[in-house]
Amino acid sequence: MLAVPLIESVMKFAIALFSAAHAPSSRRALLFAQAALAGGHEIVRLFFYQDGVYNASTSVVTAQDELDLPRQWREFVADHQLDGVVCIAAALRRGVLNEEEASRYQRSVAVGAPWELSGLGQLHDAVQNADRLICFGGA
């Protein structure tokens, strides 16, 4: 009998997060992303939409006895040099502004590096370049 070698393929994931930092699905999304990279897979893009934009905000204050998911996301994206995109329309509605938008609307800055504010086209592009779109939380 011929032995068929197992082919371990690298998967390309696009991950979309729809829930706020205090929601259990935000933690699950981070754990999934960490496991994907640890397993040798690639993350094409992380896209934060709807209340998921709060995960990129520096304005979220986490209680001392809770996990600081916005900080953990920020460190994860920066440490792995991932493409972290925050939906600009959802962010503006929720006051999660980068320096440019804060200046335009005369508000406080709530999001910076390593995040990029951009549109839904970035999610579409990620889906086109990924093997799988994995969504957490949401609508």
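Colleague: How many bridges join β1 to β2, and in which sense do the strands run?

Modeller: Two strands pair if DSSP finds at least two bridges between them; strands (E, at least two residues) and helices (H or I, at least four) are DSSP runs, numbered from the N terminus. In this predicted model, β1 and β2 run parallel and are joined by six bridges. Ala-14 stands opposite Arg-45 in β2. Ala-14 also has a bridge partner in β5, Leu-133, where β1 and β5 pair in the parallel sense over five bridges.

Colleague: What is the order of the strands in the sheet?

Modeller: The sheet is open, its five strands are ordered β4-β3-β2-β1-β5, and the pairing is parallel. At the edges, β4 (115-118) and β5 (132-136) each pair on one side only.

Colleague: Why is β1 described as largely enclosed?

Modeller: Buried means under 20% relative accessible area, exposed over 50%, partly exposed in between (1.4 Å probe, protein chains only). Five of the six residues of β1 are buried, so the strand is largely enclosed by the rest of the structure.

Colleague: Which handedness does the β-α-β unit of β1, helix α1 and β2 have?

Modeller: A crossover is right-handed if, with the strands pointing away from the viewer, the path from the first strand over the helix to the second runs clockwise. The unit made by β1, helix α1 (residues 24-38) and β2 is right-handed.

Colleague: What conventions apply?

Modeller: Residues are numbered from 1 along each chain as its sequence is written. Local features need pLDDT of at least 70, side-chain atom pairs count only at pLDDT 80 or more, totals for chains, interfaces and linings use all residues, and side-chain values use heavy atoms, with hydrogens and water left out.
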